[in-house]
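Biologist: I would like to learn how to read strand pairing and helix packing in a model. Could you take me through an example?

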Amino acid sequence: MTSARLLKSLLCCGVMLAAAGCGRLIPDAPRVGPYGQPSSPPSPWSGAGVGSGAAFSIDAPIDGGTRGAVARAAMRPEDCASVLGAARVTFTPVPDRANTEVCRIERAGALGADYGVRSRMAPAQPVMTCRLAVALSVWRRQSVEPAAMEILGARVDQIDHMGVYACRNVNSAATGRPSAHARAAAIDIAGVRLSDGRRITISNDWHGNTPEARFLRRIRDDACAIFGTTLSPDYNRLHDDHLHLEAEDGRLCS
């Protein structure tokens, strides 16, 4: 090879290596979720430091250690976000705010799409603590959707809820201790809508031994192994139309 041709070859290689070092010029094709939808971008909190919660997976089956594992996963915001991001759950942080001395939202975010499940939350984008987001994601994946297929023979298209944050006391009493809703740490579930058009609700389908009632009791029982407090119509009449799922320390299941 002549010196001119050698110089030309080296220059070409240098250009190619420099271009390669600048990153991808063509974006990767989007990943596809299990039901054909595009995968989500990473959570704004994902990729942060790894700590005690980083080893926990939302896809782990429910067992006697799930409640404690959820609590440990949410001890540090960066760990909690990493758990959600690894599971492709969209969780967008919101600014802390305090409405009163006891009613405040801290280390919370808007729960968006979960790209590992079919069901969507309605209303969408509820703001909640990261611990509640992790617990709810485990419940959807490991209880609600599998139980619907097993007992009702249909997929869950939508989970209907009655809200998360509310500045009030327990049972909306005039006095007493603040509710977990006052900290965006609890969600009230009204029912689900299925792929075959059926709507299953706590208010209409809880009682009896119908497939619908067995489904609702199954997901209540599973919730008791995930959330600190789980309340149903079996607890009192104030819960006749919803499941109260609270992701804080506690051991109350009814």
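Predicted model: local features only at pLDDT ≥ 70, side-chain atom pairs only at ≥ 80, totals over all residues.

**Strands, then helices**

Biologist: Which strand is joined to strand 4 by three bridges?

Modeller: That is strand 6 (residues 127-129), again in an antiparallel arrangement with strand 4. Here you can find alanine 110 opposite valine 127 of strand 6.

Biologist: How many residues of strand 4 are buried?

Modeller: In a regular strand, side chains alternate between the two faces of the sheet. As for strand 4 (residues 108-114), six of its seven residues are buried, leaving the strand mostly covered.

Biologist: Now the helices. At what angle do the axes of helix 4 and helix 6 cross?

Modeller: For two packed helices, we describe the angle between the axes and the distance between them. The axes of helix 4 (residues 130-152) and helix 6 (residues 211-224) cross at roughly 160 degrees and come within 10 Å. Angles over 145 degrees count as roughly antiparallel, so helix 4 and helix 6 are roughly antiparallel to each other. The crossing of helix 4 past helix 6 is right-handed.

Biologist: Which residues meet there?

Modeller: From helix 4, they include Trp139, Val144 and Ile151, and helix 6 brings residues including Phe215, Arg218 and Ile219. Sorted by class, this contact has ten nonpolar, one polar and five charged residues.

How values were computed. Residues numbered from 1 in each chain as written. Heavy atoms only, no water. Buried < 20%, exposed > 50% of the residue type's maximum accessible area, 1.4 Å probe, protein only. Helix = DSSP H or I, 4+ residues; strand = E, 2+ residues; numbered from the N terminus. Pairing = 2+ DSSP bridges. Axes fitted to C-alpha atoms, helices over the stretch in contact; angles between N-to-C directions. Parallel < 35°, antiparallel > 145°, perpendicular 65-115°, else oblique. Left-handed = near helix turned anticlockwise from the far one by under 90°. Contact = heavy atoms within 4.5 Å. Nonpolar A, V, L, I, M, F, W, Y, C, P; charged D, E, K, R; others polar.
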